[in-house]
Amino acid sequence: MFQSSGKMAVRLTCFSKFGFGRHQLKQIHIIKSFSTYASPFLNQIMHSKNKTLCFSTAVNKARLCSQSVGDEVLAAENILDITHDDFSHLSEEELKKLQVIEMEVVMGQQSGKQVPRKVKNEMWLSLLSRETKSQRHKFLRYLFLTEMRKANDSRKKAERHAHREQLRQAQHRDTKPSPVDDDGNVKYGLNFNTIFLYVRESTMLQNDNWRLMHAMLYGPVVVVDMSYDALMTDAEHANTAWQLKDVHGHNKSAKSPFHLHFCHASPSSATFRGLTKNIFGLEDKVLVSVSDKSYLDIYPKEKLVYLTPNASDYLEKMDDDDIYIIGAMVDKRNPQPVSMAKAKREGLRMAKLPIDRYIRWGFGSKSLTIEQVMHILCVYRETRDWKSTVMQCVPQRKLWKDEGEDDPRDRRRKQELRHLQGRYSYGGETPERRKSYGKQNFRVDGLFSREQ
């Protein structure tokens with residue numbers, strides 16, 4: 001406690017008189033690990049008008065003072081500052097709930113649970129959106145594992161760098177180094193002989209940018225619809241942003257790229273914020289178009305074609321005058337024809353890729369990711385052959401490889417049937433033993449069912 005139990009009771013009585021509720025009194029009890037350092041700030045709390053904000057500020061200062069004790073309480077970057085602009089839109093009730101969540105994180109860190117050591121403002125807001133405590137614990141565990149993975153990657157990178165430095169220092173000056181590196185690639189330098197011209201990465205980047213610039217002026221347009229944030233979770237937002245990064249990568253490396261246009265890209269969108277982290281300089285340095293407007297306000301409606309897997313018509317051939325729309329949505333939990341419903345509501349043409357005509361699906365899902373759809377469009381624009389494009393771009397694990405074998409789904413059914421046969425057959429057992437199982441099972445056309 002502060003100094004003694006009697007003085008603590010007096011302190012709490014004073015706090016209750018000055019407008020503090022049970023929640024904030026409970027916080028004072030919990031932060032006993034650094035409560036000694038909170039004494040200089042108590043008078044400031046009592047005479048403050050906004051007691052909630054002042055209380056949080058005083059506790060944060062006490063935590064900063066307590067870092068010198070040595071018990072790894074919290075790092076300065078973990079402190080929740082509810083006076084930040086990121087929390088200005090929250091109500092008083094939400095601020096109180098956020099303080100409760102903060103104490104859950106603090107207690108988890110002090111008790112050695114799987115809680116991250118660094119919690120950013122957007123992570124606090126994500127924790128606030130979780131209603132139950134178990135959901136917050138799962139999200140904190142996810143953040144903890146991500147933090148540990150990044151720390152391990154940084155450690156391994158430093159170890160590899162130190163190992164390379166040791167090898168470089170151990171190498172004798174008079175010995176001629178090998179013209180080939182460990183991966184078998186030709187090394188360029190003063191002492192190496194090669195007939196190939198060295199092409200720098202900056203030169204290749206300039207070539208890619210030239211093709212993208214030409215596509216922005218004269219090439220066909222592909223629109224990425226980023227208006228599905230309300231239908232996705234935080235994990236799906238991150239997955240969508242990562243796939244959109246690969247969409248830009250496929251378009252950038254294509255011989256005949258498209259003019260890529262991100263529509264409904266609101267700065268407050270979680271997917272767009274993740275995309276700006278994955279693609280550096282998205283709004284000012286990367287040769288793509290970004291707009292928070294709808295594609296209906298930018299392009300003529302008669303040229304728009306929405307690509308959705310639920311459409312009835314196939315995309316027989318691509319017209320460079322048409323503008324194709326791809327929905328930026330990951331729906332792993334409950335796939336619904338949301339894109340088709342939106343296209344119907346807006347009165348747009350719809351089409352789906354003719355994948356079913358050229359391949360036979362194996363065991364697994366028929367759905368394709370966003371970057372796979374973009375890869376198919378880029379390759380088809382170069383080859384103009386759907387069969388070779390589909391065989392090249394669709395993952396091989398989803399294809400039925402051998403025409404002479406049975407359908408993988410039929411093989412799965414046969415395996416389940418054999419499993420049921422071994423589970424419900426009573427061969428080699430006496431009738432008395434069978435009666436002990438209760439209701440008898442009987443065979444019907446090779447299948448097994450229970451008596452009613």
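This is a predicted model: local features need pLDDT of at least 70, side-chain atom pairs count only at pLDDT 80 or more; totals for chains, interfaces and linings use all residues.

Biologist: How many helices and strands are in the protein chain?
Modeller: 15 helices and 8 strands, taken as DSSP runs numbered from the N terminus (helices are H or I, at least four residues; strands are E, at least two).

Biologist: And what percentage of the residues is buried?
Modeller: 37% of the 452 residues. Buried means under 20% relative accessible area, exposed over 50%, partly exposed in between (1.4 Å probe, protein chains only).

Biologist: Which residues touch the most other members in the largest nonpolar core?
Modeller: Met 226 and Leu 244, out of 41 residues in that core. A nonpolar core is a set of buried Ala, Val, Leu, Ile, Met, Phe, Trp, Tyr and Cys residues joined through side-chain atoms within 4.5 Å. H12 gives the most to this core, with 8 residues.

Biologist: What is Met 226 in contact with?
Modeller: Leaving aside neighbours within four places in sequence, the contacts of Met 226 include Leu 244, Phe 262, Phe 272 and Leu 275. Contact means heavy atoms within 4.5 Å.

Biologist: Back to H12: how do the axes of H12 and H13 cross?
Modeller: The axes of H12 (residues 370–383) and H13 (residues 386–393) come within 9 Å and cross at roughly 145 degrees. Axes are lines fitted to C-alpha atoms, for helices over the stretch in contact, and angles run from 0 to 180 degrees between N-to-C directions.

Biologist: Which residues make the contact?
Modeller: On H12, His 375, Ile 376, Val 379, Tyr 380 and Thr 383; on H13, Trp 386, Ser 388, Thr 389, Gln 392 and Cys 393.

Biologist: New topic: is Met 340 buried or exposed?
Modeller: Met 340 counts as buried because its relative accessibility is 18%. Met 340 sits in helix H11 (residues 338–346).

Biologist: What does Met 340 touch?
Modeller: Thr 308, Asn 310, Ala 311 and Met 350, not counting residues up to four places away in sequence. Met 340 and Ala 311 are 29 residues apart in sequence, with 6.7 Å from C-alpha to C-alpha.

Methods: Residues are numbered from 1 along each chain as its sequence is written. Side-chain values use heavy atoms; hydrogens and water are left out.
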